[in-house]
Amino acid sequence: MSGSKKKKVTKAERLKLLQEEEERRLKEEEEARLKYEKEEMERLEIQRIEKEKWNRLEAKDLERRNEELEELYLLERCFPEAEKLKQETRMLSQWKHYIQCDGSPDPSIAQEMNTFISLWKEKTNETFEEVIEKSKVVLNLIEKLKFILLETPPCDLQDKNIIQYQESILQLQELLHLKFNVATEILLRQASTLADLDSGNMEKVIKDENVTLYVWANLKKNPRHRSVRFSETQIGFEIPRILATSDIAVRLLHTHYDHVSALHPVSTPSKEHTSSVTELVKDDVENVEKAISKEVEEESKQQEKQSHLIQEEKLKVEEEQDDIEVKMSSAEEESEVIKCELEMKVLSETVSAGKHWRTDGISNVSYKPNERLVTFSLDTFGPVTLIQDAHINMPYQSWELRPLDVNKVLLTVTTVFTEIQIQIKENLCMLSSVKLKDKKHISILEGTWMTPIPFIIALKEAGLNIFPTRYSHFYVVINNKVPLVEVKAYRQMALLSSTFAFGWSKWNLLCNSTKVVFKVREHLPEECTENPNWALLMFSGDRAQRLKIKEESEAFSEALKEETEFHSTLYHMVRDFASKEAMEKVRSSNCQFVNSVCHMLLSTRLLSYS
């Protein structure tokens with residue numbers, strides 16, 4: 001076994017080693033300090049340079065601000081031009097009605113409406129077919145009155161006119177309902193002549209585009225005849241034995257309009273909010289902001305009014321007895337889209353004056369998709385309806401606004417359940433397609449061009465509600481944006497929509513409420529749409545900038561993209577990277593088209609509800 005002796009370290013050598021270690025530590029600390037100071041100086045220098053650059057860009061933006069706002073004002077003259085055309089269209093419609101001389105009243109003239117209602121009240125002994133034919137005129141008048149309330153700018157509507165139109169609508173609704181009841185009673189007086197050869201009981205079906213009537217009268221009182229199915233239909237019901245031996249009649253009145261809900265009062269426009277965006281003062285930015293802010297309030301009022309006009313299919317079952325089972329097929333094709341999300345409700349008899357709907361009293365509800373057959377049991381007779389959650393399509397998952405042709409765009413809104421595509425051209429809108437969970441769905445609205453307000457109402461009636469009201473934020477978690485910023489963005493996006501595509505960005509969720517972020521690109525016909533070259537823009541209403549980050553970046557940053565500048569408008573921002581041909585198309589856009597796009601953007605509120 002061999003070993004080695006350890007060298008003994010003297011005190012002096014140990015001290016020397018400690019001194020060397022200390023010197024090495026001090027040297028490393030000094031190097032680290034110098035490196036930190038150098039990096040800090042470099043960072044501060046970069047910050048100084050960036051700040052100077054930022055200040056120069058801000059100064060340049062401020063210097064040309066008035067010039068850019070002046071040019072924007074000239075472009076935005078398309079909005080008052082579109083409003084003027086709308087007004088001319090309304091006047092032309094009144095003139096056409098005047099020279100038509102078809103006997104129908106002008107719904108805007110109270111005297112003519114009162115005369116029409118009085119004369120119809122005095123008319124008696126009308127058959128159900130005659131009432132149905134008259135109902136077409138009545139429903140058309142109600143629709144015209146509602147559109148007058150919705151389409152007329154608040155500044156052109158006096159409070160007394162609003163009250164007059166509302167009262168006319170309510171009187172027409174009540175009179176039409178009364179006439180159907182009286183006509184049903186007259187029909188039942190002929191029950192014996194309408195008896196079915198097999199059962200001996202009365203069965204009568206009258207179909208029309210707006211109303212379908214099913215009437216059954218128990219003439220034979222045979223306890224074995226508890227199940228009734230109207231011939232050549234899937235409509236039927238079952239009654240308990242005690243009713244099968246009683247003197248009863250059952251009416252199923254299926255209307256394709258809301259004949260149950262009372263007319264909700266529409267708030268009259270406040271005089272202080274009657275200024276229009278058409279009154280833009282080109283040299284005064286504050287006046288512009290005030291005018292646009294008033295438009296936001298007017299849009300909210302119009303959306304609120306629209307929300308009071310829409311409900312789903314109605315099936316009325318009258319009489320007051322116990323335990324009836326009604327089987328019916330879905331008469332509206334659109335209900336197929338939202339069948340999984342509908343909730344069946346019955347009108348409460350105890351609070352019928354308030355027209356409250358309730359879910360108790362309905363049981364054994366089942367739906368057979370292949371047969372499109374709904375079966376349910378009722379504890380009592382009464383109006384039954386299918387009601388959809390008004391906000392089931394909110395918030396949206398994503399959206400895109402893309403040019404299709406000259407003055408024609410495609411708006412795509414993707415929700416949890418559906419993908420809705422809307423085409424817009426001139427002053428018209430059309431439902432292009434509907435996909436339910438990635439499967440194409442055929443809608444009766446597809447291919448039908450309508451002006452924006454009737455189109456919005458039609459989509460809501462079809463269960464495709466993507467139009468928030470002023471109270472929607474109470475029911476939907478939203479990415480709330482300052483209304484003034486939002487409406488400025490929509491107006492300027494509409495101005496550019498004939499040439500530029502816009503899209504949803506995830507970064508819009510991360511910027512604060514005073515700013516919006518979205519994707520934009522010039523739309524080129526030959527461009528590949530699989531990997532489009534999007535730019536990210538951030539807009540605060542007063543300043544637009546192109547962001548350095550991309551949609552695929554890992555973190556949000558407001559850093560400015562290299563070699564770009566600030567601008568006061570989106571128009572001047574995109575002009576920096578757009579072609580001359582694109583900007584020329586923007587300047588020559590149709591005013592009605594721009595106004596319609598703006599209306600749809602304001603109605604859907606994509607930047608807050610996505």
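Good morning. A residue is called buried here when its relative accessible area is under 20%. On that definition, buried residues account for 46% of the 610 residues in this protein. The structure is a predicted model.

Let me begin with the overall figures. The protein contains 13 helices and 21 strands. Of the contacts between residues at least 6 apart in sequence, 66% join residues at least 24 apart.

I turn next to a pair of helices. Two packed helices are described by the angle between their axes and the distance between the axes. Helix 5, residues 128-151, packs against helix 9, residues 452-461, at an angle of about 115°, and their axes are 10 Å apart. The crossing of helix 5 past helix 9 is right-handed. On the helix 5 side, Phe147, Leu150 and Glu151 take part, and they meet Ile453, Pro454 and Ile457 of helix 9.

Asn201 sits in the loop between helix 6 (159-188) and strand 1 (202-207). Is Asn201 buried or exposed? With a relative accessible area of 1%, Asn201 falls under the 20% cut-off and is therefore buried. Beyond its neighbours within four places in sequence, Asn201 has contacts that include Leu194, Trp216, Lys221 and His225.

The side chain of Lys221 forms one with that of Asp247, at 2.7 Å from N to O. Asp247 lies in the loop between helix 7 (241-244) and strand 5 (249-255), and Lys221 in the loop between strand 2 (211-217) and strand 3 (227-229), so this pair ties together parts 26 residues apart in sequence. Asp247 is exposed, at 65% relative accessibility, whereas Lys221 is partly exposed, at 29%.

Other bridges lie within one helix. Glu22 and Arg25 pair with their closest N and O atoms 2.3 Å apart; these two residues are 3 apart in helix 1 (residues 11-63) and are therefore separated by about one helical turn. In helix 12 (residues 580-587), Glu584 and Arg587 are likewise 3 residues apart, about one turn of the helix, and their side chains meet at 3.3 Å, N to O. Glu584 is partly exposed at 45% relative accessible area, as is Arg587 at 42%. Elsewhere, salt bridges with shared partners join Glu133, Lys136, Asp208 and Glu209 into one network.

Finally, the surface. Leu92, Trp95 and Ile99 form a nonpolar patch with about 320 Å² of accessible area together. Leu92 belongs to helix 3 (residues 78-100) and is partly exposed, at 43%. Thank you.

Conventions
Residues numbered from 1 in each chain as written. Predicted model: local features only at pLDDT ≥ 70, side-chain atom pairs only at ≥ 80, totals over all residues. Heavy atoms only, no water. Patch = residues over 30% accessible without salt bridge, like charges linked within 9 Å, V, L, I, M, F, W, Y side chains within 5 Å. Areas by Shrake-Rupley, 256 points an atom, 1.4 Å probe, with all protein chains shown as cover. Salt bridge = Lys/Arg side-chain N within 4 Å of Asp/Glu carboxyl O. Helix = DSSP H or I, 4+ residues; strand = E, 2+ residues; numbered from the N terminus. Buried < 20%, exposed > 50% of the residue type's maximum accessible area, 1.4 Å probe, protein only. Axes fitted to C-alpha atoms, helices over the stretch in contact; angles between N-to-C directions. Left-handed = near helix turned anticlockwise from the far one by under 90°. Contact = heavy atoms within 4.5 Å.
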